[in-house]
Structures are given as structure tokens and as C-alpha cells.
Amino acid sequence: MNTPTRPATPDTAQEAAHLKKLRDQISTDIEAMQQKEASLKEYEQRLRLLMEHNQQGQPAAQANQHYVTAGPNSQAALDEEWEKYDRAHALLEAARRGLTDDRLALKEREEKLARREVDVARREAWIKAREQELAAVPVVVKAPAPDSNPSFVTSPLRATRKLFQPKKTNG
């Protein structure tokens, strides 16, 4: 995203830092849950193997012997762990949606600020152009009234015109 460079306000910087902290925390939580999920899947696989051996009447493998001690409660324990996982997953999803909403709100706010910045820049350019136009307009200075008797030295054309124009007679 191309955002114009501008100084971050304290609120925006604080929100960004808070969102980064939340993002890091969620990433850590996701990794922990993935490890727990892998561990639970491995545990479930071993339990299923033990249950198959019990149903077939074969003794359980020596490596899985420590799981046999769980006895009939093994499925209940597994179900309980899956419920914990599901609750944690639901909480993680809720946090992710909240973070997404926060990110969208922040993006919308940045876009609004960018539009306002463009609008202010446009107004400043218009004001500058208007000031230049006003500075370029010549100041109208009232010309002195023409002499009634122009001389050939000061205004030869007007004096020639006056000479050839017929004189008005009072009468």
C-alpha cells in the first residue's frame, strides 16, 4: 500500500504499536496451539492403536505401555483435550476477527486522512494561484486630466488634433 509520508500522530503510532503487540501475541498463540494439536494427534493415534490391540486381544506394544495406565478414561481424557483445543481455537478466531476489524478501521482512517491531505493541498495550491493572480493585476492609477491647451512639446498628436478641429462657436 502506497501511503503518503507524513508524521504519525501519537494516537496512530500508539494504535499501531498496540496492534503489533496483539499480532505478535496471536502469532505466538497460534504456534503454541499448532504444537498442542500435533501432540494431541500423536496421542490420539497412540490411543487408537492401543484400542485396536485391546480389541484384537493382543498385548500392547512396549513403547505405548505408559498410555495403557489411563484405562477406560482414555477416551474421556482425549475428548476433554479436544474440547480444550476447540475452545482455544474459537478464542483465537475471535481475536483474529477483532484484529482484522481493527486493521480495516485503521486502513479506512488512513485513507480518510490521505483524502483530507489531498484536499488541503488542492486548496493551498488554489490560494497560491489566486494570490499570484492578484499580484499580477496592475494597480490602476488615475491618469491626470488632459490639458485643455496641449503644446507640441508635451503632446504633439493632441496639439495637432486640436489645431485641425473646427472651433466651437458660442452662439
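This is a predicted model: local features need pLDDT of at least 70, side-chain atom pairs count only at pLDDT 80 or more; totals for chains, interfaces and linings use all residues.

Begin by selecting A16, which is partly exposed at 38% relative accessibility; buried denotes under 20% relative accessible area, exposed over 50%, and partly exposed the range in between, with a 1.4 Å probe and protein chains only. A16 belongs to helix α1.

Residues are numbered from 1 along each chain as its sequence is written, and side-chain values use heavy atoms, with hydrogens and water left out.

**The whole protein**

The protein contains 4 helices and 0 strands, and its elements run α-α-α-α from the N terminus on. Helices (H or I, at least four residues) and strands (E, at least two) are DSSP runs, numbered from the N terminus. Of the 171 residues, 13% count as buried.

**Helix α1**

Select residues 10-56, the extent of helix α1, and locate E44 within it. Is E44 buried or exposed? E44 counts as buried, since its relative accessibility is 17%. Display R48 as well: the side chains of E44 and R48 are joined by a polar contact of 2.5 Å. A polar contact is a pair of N or O atoms within 3.5 Å; within protein, one must be able to donate a hydrogen and the other to accept it, and residues adjacent in sequence count only if both atoms are side-chain atoms.

Now select D24 and K20, whose side chains form a salt bridge at 3.3 Å, N to O. The term requires a side-chain nitrogen of Lys or Arg within 4 Å of a carboxyl oxygen of Asp or Glu, and the structure holds 10 salt bridges. About one helical turn separates D24 and K20, because they are 4 residues apart in helix α1. D24 is partly exposed at 41%, and K20 is partly exposed as well, with a relative accessible area of 48%.

**Helix α3**

Move to helix α3, residues 74-136, where D79 is found. Which residues gather with D79 in a patch of negative charge on the surface? The patch comprises D79, E80, E83 and D86. Patches are made of residues with over 30% relative accessible area and no salt bridge, with like charges joined within 9 Å and nonpolar side chains (Val, Leu, Ile, Met, Phe, Trp, Tyr) within 5 Å. D79 itself is partly exposed, with a relative accessible area of 36%.

Then select K84 and E81, where a salt bridge of 3.6 Å, N to O, links the side chains. These two residues are 3 apart in helix α3, so about one helical turn lies between K84 and E81. K84 counts as partly exposed at 38% relative accessibility, as does E81 at 29%.

Finish at R122 and D119, which also lie in helix α3, 3 residues or about one turn of the helix apart. Their side chains meet in a salt bridge of 2.3 Å, N to O. R122 is exposed, with a relative accessible area of 53%, whereas D119 counts as buried at 19% relative accessibility.

Notes
Accessible areas come from the Shrake-Rupley method with a 1.4 Å probe; for residues, only the protein chains shown count as cover. Lys and Arg count as positive and Asp and Glu as negative; His and the chain ends are not counted. The place of a charge is taken as NZ of Lys, CZ of Arg, CG of Asp or CD of Glu.
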